[in-house]
Amino acid sequence: MAALPYAADDRRDGVVGLSFAMRQVAQLLLMCDRQDIGISIGSGEHGEQTDLTQTGRPALSAVEGVTLSDEPRIFVYDNYPGGIGFSAPLFAMDRELRDRTRELIAGCECPHGCPGCVGPIGNTGPMAKTVALRILDLIGAAQIESGDRQVASL
């Protein structure tokens, strides 16, 4: 997050917008209902998550007052107690989830966000789409870099 040249509110909107898009892609990959997939944003520390499934969409009002840590995490999970089997397949499709999420956001013709990509402006800010794409780029670069180190150590 520190590598992003955006204001804190814009970074937050990017993470919220990214979670919105990831949820849409996840439900398509798993061929399940929207309510089957839960999204939460937090630092990974107990009690620090913001559940975005309460309203059915990641709305700005759902995350007001929440300050993201330097390393926020988007949790995409099986939304049923005990699970019904979506988490493991989705975890195995991590790369495809990120790639298809990027395609969804980048391929959308809206200038700043809409219900088809990162959520409508009003639920996220005008930079949500740009920041979400930049976050995905940074994640991809970090994965390539860590993969290169792993290959070098073999």
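Is Arg100 buried, partly exposed or exposed, and what is its relative accessible area? Arg100 is partly exposed, with a relative accessible area of 40%, where buried means under 20% relative accessible area, exposed over 50% and partly exposed in between (1.4 Å probe, protein chains only).

The legends below describe a predicted model, in which local features need pLDDT of at least 70 and side-chain atom pairs count only at pLDDT 80 or more, while totals for chains, interfaces and linings use all residues. Residues are numbered from 1 along each chain as its sequence is written, and side-chain values use heavy atoms, with hydrogens and water left out.

**View A. Glu96 and Arg100 pair in helix α4.** Glu96 forms a salt bridge with Arg100, the closest N and O atoms being 3.1 Å apart; a salt bridge here is a side-chain nitrogen of Lys or Arg within 4 Å of a carboxyl oxygen of Asp or Glu. The two residues are four residues apart in helix α4, about one turn of the helix, helices being DSSP runs of H or I with at least four residues and strands runs of E with at least two, numbered from the N terminus.

**View B. Arg98 and Asp94 meet in a salt bridge.** The N to O distance between these side chains is 3.1 Å, and because the residues are four apart in helix α4 (residues 94-107), about one helical turn separates them. Arg98 is buried, at a relative accessible area of 10%, whereas Asp94 is partly exposed, at 33%.

**View C. Asp99 and Arg95 meet in a salt bridge.** Here the N to O distance is 3.3 Å, and both residues lie in helix α4, four residues apart, or about one turn of the helix. Asp99 is partly exposed, with a relative accessible area of 35%, while Arg95, at 52% relative accessibility, counts as exposed.

**View D. Asp9, Arg12 and Asp13 form a network of salt bridges.** These three residues are linked to one another through such a network, and a search of the whole structure finds six salt bridges. Side chains of opposite charge can pair when their charged atoms come close.

**View E. Asp33 lies in the loop between α1 (8-30) and β1 (37-42).** A polar atom of the Asp33 side chain lies 3.1 Å from the backbone nitrogen of Gln35. Asp33 counts as partly exposed, because its relative accessibility is 46%.

How values were computed
A polar contact is a pair of N or O atoms within 3.5 Å; within protein, one must be able to donate a hydrogen and the other to accept it, and residues adjacent in sequence count only if both atoms are side-chain atoms.
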